[in-house]
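Please open the model in your viewer and keep the sequence panel beside it. The tour below moves from one selection to the next and says what is to be found at each stop.

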Amino acid sequence: MCLIVFSWQPEAATPLVLLANRDEFFERPAEPLHWWRDRPDVLAGRDLRGGGTWMGVNRAGRFSALTNFRDGRAPMAPKDSPSRGLLVSAMLDATSFDDDLVRIERHAHEYTGFNLLAGDLPAGKLFWLGNRAHHVGGTAPATFAMPLAQAIAPGVHGLSNAVLDTPWPKLVSRREAFAHALTHHADDASLLRIMRDASEAPDSALPETGVSRAWERSLSAAFIASPAYGTRCTTLLRYHRDGTVDMTEVTVTPGQSPADLSGRRDFTFTAQATLAR
């Protein structure tokens, strides 16, 4: 994923409401949201090149999602670097959430830059883990940080290709639109359209992440629509306190209008928290 906005209110009737856009090269093969055949407790899309996923949930109410950390000044990753999507699928194992999170902390330095959201939703747990220091707007390349998962505070948050709640224009605008929509009890289609904003930020508001100004401008849109790289899907997730999970994904093909919400897939199930105990 490259842009996520979410409301985390652990004491509410619906503790988690989340919207996300996955941005990726269109040539990278992937399967849309589905129950995995080899791991039937996992509901997620699947990266057919790396084997992992960008976002998913399992029948125990375990949730995880990932964004890349953008730093055009960093050295190229070795060809044998593990796929960051495997971090998400690892967190969807129905074993010990706390142990799995600690294991990822220990191995985070082996991966190129990432941000990971991970939650045991029935237990009221949601964490953010990033493996890069914060250098937004700076001239030095981002460096390895000592990774330590941080509990998410209640509220409305956003995550793009920098650390949690970094105020990039698209994150701020979509987070505000999302908060407004939740206040007015917007329906699912209205929520999904929040992430279909293709407007680009003015040059004066662009971050400096080490990529070209033209590329920075293109990436500043919530919905990216360049010919080879762009938004591949928009996902809406709701987790309700009674254990009900609602998950909707709208896939995107090259050249598809941001207003087009066809290709929608809807799933509802009840989390069985005992699977993770």
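**First stop: the open sheet**

Begin by selecting strand β1 (residues 3-8) and strand β2 (residues 16-25), which pair in the antiparallel sense over six bridges; strands here are DSSP runs of E with at least two residues, helices are runs of H or I with at least four, and both are numbered from the N terminus. Two strands are said to pair if DSSP finds at least two bridges between them. Within this pair, L3 stands opposite N21 in β2.

Before going further, please note that this is a predicted model, in which local features need pLDDT of at least 70 and side-chain atom pairs count only at pLDDT 80 or more, while totals for chains, interfaces and linings use all residues. Residues are numbered from 1 along each chain as its sequence is written, and side-chain values use heavy atoms, with hydrogens and water left out.

Now widen the selection to the whole sheet, which is open and is formed by six strands in the order β10-β1-β2-β11-β12-β13, with antiparallel pairing. The edges are taken by β10 (155-159) and β13 (264-270), each of which has a single partner strand, so one side of each is left without a neighbour in the sheet. From one strand to the next the twist averages 15°, where axes are lines fitted to C-alpha atoms, for helices over the stretch in contact, and angles run from 0 to 180 degrees between N-to-C directions.

Buried means under 20% relative accessible area, exposed means over 50%, and partly exposed lies in between, with a 1.4 Å probe and protein chains only.

Which strands pair with β5? Strand β4 (residues 42-47) pairs with β5 in the antiparallel sense over three bridges, and A44 stands opposite G56 in β5. Strand β6 (residues 62-68) also pairs with β5 in the antiparallel sense over three bridges, and there V57 stands opposite F63 in β6. The hairpin of β5 and β6 has three residues between the strands, and in it G61 takes a positive phi near 85°.

The structure holds 16 salt bridges, each being a side-chain nitrogen of Lys or Arg within 4 Å of a carboxyl oxygen of Asp or Glu. Select D165 and R175, which form one with the closest N and O atoms 3.1 Å apart. This pair links distant parts of the chain, since D165 is in the loop between β10 and α3 and R175 is in helix α3, 10 residues apart.

Move on to R238 and D188, whose side chains meet in a salt bridge (2.8 Å, N to O), linking strand β11 (residues 229-239) and helix α4 (residues 188-194) across 50 residues. R238 is buried, with a relative accessible area of 17%, whereas D188 is partly exposed at 26%. D188 also meets R264 in a salt bridge (3.9 Å, N to O); D188 lies in helix α4 and R264 in strand β13, so this pair ties together parts that are 76 residues apart in sequence. Salt bridges that share partners join D188, R238, R264 and D266 into one network.

**Last stop: aromatic rings**

The structure holds five aromatic pairs, in which rings of Phe, Tyr and Trp (its six-membered ring) have centres within 6.5 Å, with planes under 30 degrees apart counted as stacked, over 60 as edge-to-face and the rest as tilted. Select F97 and F127, a tilted pair at 6.1 Å centre to centre with 35° between the planes.

Then select W215 and Y229, an edge-to-face pair at 5.5 Å centre to centre with 65° between the planes. Ring pairs link F25, W215 and Y229 into a cluster.

Finish with R46, whose charged end sits over the ring of W36, 3.7 Å from its centre; for this, NZ of Lys or CZ of Arg must be within 6 Å of the ring centre and within 35 degrees of the ring normal.
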